[in-house]
Amino acid sequence: MNSRRRLPGLVRLTFAHPASRAYLAVVVATAVFVAVDSLFVRHEDASLAGVWLFLLAAPTVFVFLMAGSLFGDAVIGSVWFLYPALVLSVLIQSLALGLFVRLLRGGRHSAHPQGA
């Protein structure tokens with residue numbers, strides 16, 4: 001029964017915690033900016049707008065990139081590896097942010113007291 005409660009709690013910390021939600025909102029706003037910049041703005045040189053997404057996903061995205069480099073440059077440069085690594089990194093960091101803020105506030109705030 002504890003594992004059933006743990007998953008919704010982790011999902012809540014990842015998506016519903018105010019700090020996690022603010023982080024995800026910044027990531028989504030940045031992704032929209034990168035998409036608009038890539039699709040609709042003409043640049044003389046290459047745009048570095050996509051770097052902002054990697055900075056927001058750092059440091060976990062770099063762990064995925066280092067692991068992917070073990071399989072070669074073709075894997076790291078492929079879309080099927082890069083986008084899931086970026087999304088997974090953001091979700092891991094959102095969860096970590098929710099856990100960190102909960103830790104700063106004093107641990108678990110359960111709806112049911114321990115003795116009840």
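This is a predicted model: local features need pLDDT of at least 70, side-chain atom pairs count only at pLDDT 80 or more; totals for chains, interfaces and linings use all residues.
Okay, let's start with helix 4, which runs over residues 60–69. Which of its residues are buried? Those are Thr 60, Val 61, Leu 65 and Gly 68. They span an arc of only 145 degrees around the axis, so they sit on the same side of helix 4. Now turn to the face pointing away from that buried side: there you get Val 63 and Met 66, both exposed. And what covers the buried residues? The cover includes helix 3 (51–57), helix 5 (73–76) and helix 6 (79–104).

Next up, the surface. There's a nonpolar patch of about 610 Å², and the residues making it are Val 28, Val 32, Val 36, Leu 39, Phe 40 and Val 41. Take Val 36 as one of these. This valine belongs to helix 2, residues 18–40. Its relative accessible area is 41%, so Val 36 counts as partly exposed, falling between the 20% and 50% cut-offs.

How many aromatic pairs do we get? The count is one. The partners are Trp 80 and Phe 81, with ring centres 6.4 Å apart and planes at 80 degrees. Why call that edge-to-face? Because the angle is over 60 degrees, and the centres lie within the 6.5 Å limit for pairing.

Conventions
Residues are numbered from 1 along each chain as its sequence is written. Side-chain values use heavy atoms; hydrogens and water are left out. Buried means under 20% relative accessible area, exposed over 50%, partly exposed in between (1.4 Å probe, protein chains only). Helices (H or I, at least four residues) and strands (E, at least two) are DSSP runs, numbered from the N terminus. The arc is that of the directions from the helix axis to the C-beta atoms. Contact means heavy atoms within 4.5 Å. Patches are made of residues with over 30% relative accessible area and no salt bridge: like charges are joined within 9 Å, nonpolar side chains (Val, Leu, Ile, Met, Phe, Trp, Tyr) within 5 Å. Accessible areas come from the Shrake-Rupley method with a 1.4 Å probe; for residues, only the protein chains shown count as cover. A salt bridge is a side-chain nitrogen of Lys or Arg within 4 Å of a carboxyl oxygen of Asp or Glu. Rings of Phe, Tyr and Trp (its six-membered ring) pair if their centres lie within 6.5 Å; planes under 30 degrees apart count as stacked, over 60 as edge-to-face and the rest as tilted.
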